[in-house]
Amino acid sequence: MSKVVFAEYSGACMNTAIAFADLDRSPVYSNDLADMTAIYQENVNLFVWQRLLSTEIGSSIQSLIESGKSLNIMEVVTPEGAEKILLSRLPTTANHISLIEDIAELVDIFCCLFDTKKVGLRLATSHSATCPRFHVDNVTCRLVTTYNGPATQWLEHASVERSKLGHASKGVADESSGLIQEKAMIQQVNCGDVALLKGEGWPNNTGGGLVHRSPSINSNTTRLFLSLDLM
């Protein structure tokens with residue numbers, strides 16, 4: 001299905017020659033998978049596919065969390081080989097089939113959207129924020145979804161003082177450095193949602209990549225997080 005939905009857009013982001021670094025950026029939220037092609041729009045730097053995880057996937061996630069195994073799986077995968085790799089890397093004691101099938105479907109969707117045959121996959125658990133400071137990624141586009149725990153936080157393009165990103169903040173907290181105009185402007189994706197984050201590596205997008213960070217996590221919570229990167 002995803003191949004049909006995305007066919008006319010495949011590879012478009014690699015061929016654009018339009019300079020739009022000065023355009024404002026905005027998010028698009030939708031519960032329709034077909035709207036994911038909105039990421040190709042010049043002024044969109046975030047697309048969020050809003051979805052509710054099925055009971056079967058939820059049970060699979062819970063089984064994996066209860067297994068107590070720490071994960072940090074990093075592999076280059078294809079849509080055809082993703083399930084096999086994940087089956088070999090996840091604990092055999094967990095009922096994780098539904099989760100694996102969902103991840104494999106996301107790999108297929110991502111590959112179809114960008115007309116690519118393989119992606120870089122990371123599936124990890126954590127008990128603390130892995131990237132606690134707001135930042136931008138030097139990638140073309142990254143797919144992220146949180147299966148358990150709090151999900152990715154992000155800032156609207158107009159709400160960021162980019163000169164305060166990274167080392168320019170001199171170690172001062174994001175909320176105090178002048179990076180964020182108002183604390184209330186911090187946005188957050190919901191657990192289960194699938195987000196496409198346009199990075200600085202998208203053609204002509206320097207200064208327009210989505211500013212985001214990992215959320216703070218309660219010490220009693222295990223966050224289960226998936227990301228996919230174009231190769």
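**The helix pair and its surroundings**

Modeller: Helix H3 (residues 55-66) packs against helix H5 at an angle of about 110°, and their axes lie 7 Å apart. This is a predicted model. Angles of 65 to 115 degrees count as roughly perpendicular. H3 and H5 are therefore roughly perpendicular to each other. The crossing of H3 past H5 is left-handed. From H3, the contact uses Glu56, Ile57, Ser60, Ile61 and Leu64. From H5, it uses Ile97, Ser98, Leu99 and Asp102.

The largest nonpolar core has 40 residues. Within it, Met36, Ile39, Leu121, Leu123, Leu196 and Leu228 touch the most other members. Helix H5 (residues 97-114) supplies the largest share of this core, 11 residues. A second, separate core has 10 residues, including Trp154, Val189, Ala195 and Leu197. In soluble globular proteins, nonpolar side chains tend to be buried together.

Setting aside residues up to four places away in sequence, leucine 196 touches Met36, Ile39, Asn45, Leu46, Phe47, Phe110, Leu113, Cys141, Arg142 and Leu143.

Next, the strands. Strands of a sheet pair through backbone hydrogen bonds, either parallel or antiparallel. Start with strand E2 (residues 44-49). Six of its six residues are buried, so E2 is largely enclosed by the rest of the structure. E2 has a parallel partner in E1, with five bridges joining the two. Here proline 27 stands opposite leucine 46 in E2. E2 also runs antiparallel to E8, joined by four bridges. In that pairing, tryptophan 49 stands opposite valine 194 in E8.

Serine 30 belongs to strand E1 (residues 26-30). Its relative accessibility is 9%, so serine 30 counts as buried. Leaving out neighbours within four places in sequence, serine 30 is in contact with Asp35, Phe47, Val48, Trp49 and Gln50.

Strand E8 (residues 194-198) also pairs with E5, in the antiparallel sense, over five bridges. In this pairing, cysteine 141 stands opposite lysine 198 in E8. Strand E5 (residues 141-148) is mostly covered, with seven of its eight residues buried. E5 has a further antiparallel pairing with strand E10 (residues 223-230), over six bridges. There, asparagine 148 has leucine 224 in E10 as its bridge partner.

There is also an open sheet of three strands. Its order is E7-E6-E9, and the pairing is antiparallel. Strand E7 (186-188) and strand E9 (211-213) are the edge strands, each pairing on one side only. From one strand to the next, the twist averages 35°. Strand E6 (residues 153-155) pairs with E7 in the antiparallel sense over three bridges. Leucine 155 has isoleucine 186 in E7 as its bridge partner.

Last, two loop residues with backbone angles to check. Most residues other than glycine have a negative phi, and most peptide bonds are trans. Aspartate 115 has a phi near 50°, a positive value in a residue other than glycine. Aspartate 115 sits in the loop between H5 and strand E4 (119-126). That brings us back to the helix we started with. With 56% relative accessibility, aspartate 115 counts as exposed.

Asparagine 204 is the other one. Its phi is positive, about 60°, although asparagine 204 is not a glycine. Asparagine 204 is found in the loop between E8 and E9. With a relative accessible area of 34%, asparagine 204 is partly exposed.

H3 and H5 pack at about 110°, in a left-handed crossing. As for the strands, E8 pairs antiparallel with E2 and with E5.

Notes: Residues are numbered from 1 along each chain as its sequence is written. This is a predicted model: local features need pLDDT of at least 70, side-chain atom pairs count only at pLDDT 80 or more; totals for chains, interfaces and linings use all residues. Side-chain values use heavy atoms; hydrogens and water are left out. Buried means under 20% relative accessible area, exposed over 50%, partly exposed in between (1.4 Å probe, protein chains only). Two strands pair if DSSP finds at least two bridges between them. Axes are lines fitted to C-alpha atoms, for helices over the stretch in contact, and angles run from 0 to 180 degrees between N-to-C directions. A nonpolar core is a set of buried Ala, Val, Leu, Ile, Met, Phe, Trp, Tyr and Cys residues joined through side-chain atoms within 4.5 Å. Contact means heavy atoms within 4.5 Å. Angles under 35 degrees count as roughly parallel, over 145 as roughly antiparallel, 65 to 115 as roughly perpendicular and the rest as oblique. A crossing is left-handed if the near helix is turned anticlockwise from the far one by less than a right angle, and right-handed if clockwise.
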